[in-house]
Amino acid sequence: MAQNLTSPTTVRDILQSLDIKPSKALGQNFLVDRNILNILLKTAKLTPADHVIEIGPGLGAVTQELLKQTGGVTAIEKDRNLFAYLQHALGSHAGLSLHCADALDMHLGALVEQGSRVVVANLPYVAGSRILMEFAKAPTPPQRMIVTVQKEVGDRLTATPGTSEYGLLSLWIQLIYRTELIHTIPPTCFWPRPTVRSAIVQMIQHTESPALPYADAECLRTVSRYAFMHRRKQLAKLLSQTVQNPAQNKEAWQRVLSECNLDPHARPGALAPQDWRRLTTASLCNCHLSN
Ligand code: SAM
């Protein structure tokens, strides 16, 4: 593939020759800025020992660079026409494993277990946060993820407790990863131009604390999902109304929270990931929601 895939003219010409109109529903905003591509790759710090997962390879602008820098790439493209083009353009590359599928229908954790420990992608706006959540929920999450997402999603991925951006996405991702917003990207770096800005976000797995056992993490997700739906309620009351065993009433939950050095009157959005983790280990494991 000798074409310059970060040139807007080239991208437009290839799509036209394939009779493809960029689909909003598939978040098809192609990266047409070499500088941003370089920042994405530099941040990923890839080596030939890495095997990378890319969701949404599109015309292969990122893919062809990943193939040069790593030991292999597993790429998942939902658009059949783009998949066919990629198969023709890059299919002969021994390091490429190309799938035509909706990434959200795939067992993403299994790809990681098979040895792909890094995710690098210019994610489709429409599915970006769901894809990241699926990776983070896997029993073996990727060691690191370096992606472009909508700036607003980038803000949520890196949000601190107590801010309006801090929600389930922040909590679930930050439980596993140290997150950093590396670079803000203007709409002009994509074709067609989106209406909003984007960002490169880096997520690197924490090494200091071992991952929660899978069942505990599931429990944390169930309770926090409910809690963030009622984020104005105070924790002790909220937990007493929703979680069966071990502490049934508000006073019992107040004691549990105090023992975890947490304010029983705090609201769900005030708890940092490590607070949720402590609470889970102390009391939420094996819990059930009462409604
Ligand atoms: N990687 C290319 C680039 O940087 O120019 C294209 C990125 S574009 C933002 C997103 C790509 O993801 C498109 O190729 C789109 O068809 C694909 N896509 C959208 N939803 C998807 C899904 N659920 N699973 C897999 N691919 C998807």
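Student: How do the residues of the shell around the ligand divide by type?

Tutor: Ala, Val, Leu, Ile, Met, Phe, Trp, Tyr, Cys and Pro count as nonpolar; Asp, Glu, Lys and Arg count as charged; the others, Gly among them, count as polar. Here the shell has 12 nonpolar, six polar and five charged residues. This is a predicted model: local features need pLDDT of at least 70, side-chain atom pairs need pLDDT 80 or more, and totals for chains, interfaces and linings use all residues. Residues are numbered from 1 along each chain as its sequence is written, and side-chain values use heavy atoms, with hydrogens and water left out.

Student: Which residues are the closest to the ligand?

Tutor: A residue is near a molecule if one of its heavy atoms lies within 4 Å of it. The ligand is surrounded by 23 residues, and Gly-56, Glu-77, Asp-102, Ala-103 and Asn-122 are the closest.

Student: Which elements each supply at least two residues of that shell?

Tutor: Strands are DSSP runs of E with at least two residues, helices are runs of H or I with at least four, and both are numbered from the N terminus. The shell draws at least two residues from each of β1 (30–31), β2 (51–55) and β3 (72–77).

Student: What polar side-chain atom lies 2.5 Å from an oxygen atom of the ligand?

Tutor: A polar contact is a pair of N or O atoms within 3.5 Å. The atom in this case belongs to Glu-77. The side chain of Gln-28 has an N or O atom 2.9 Å from a ligand oxygen. Ala-103 uses its backbone: an N or O atom there is 2.9 Å from a ligand nitrogen.

Student: How much of the ligand's accessible area does the protein cover?

Tutor: Accessible area comes from the Shrake-Rupley method with a 1.4 Å probe. On its own the ligand has 600 Å², and the protein covers 98% of that.

Student: What is the volume of the largest pocket?

Tutor: On a 1 Å grid over the protein atoms alone, a pocket is an open set of points with protein on both sides within 12 Å along at least five of seven lines; lining residues have an atom within 4 Å of a point. Volume is the space filled by probe spheres set on the points, which are joined across faces, edges and corners. The largest pocket has about 500 Å³. Its lining has 36 residues, with Leu-26, Gly-27, Gly-56, Asn-122 and Pro-124 closest to the centre.

Student: Where is the cis peptide bond?

Tutor: The bond joins Trp-191 and Pro-192, with omega about -10°. Pro-192 is in the loop between β8 (190–191) and β9 (198–205).

Key:
Polar contact = N/O pair within 3.5 Å; in protein donor to acceptor, adjacent residues only side chain to side chain. 1 Å grid on protein atoms, 1.4 Å probe; cavity = no way out; pocket = protein on both sides within 12 Å on 5 of 7 lines; lining within 4 Å.
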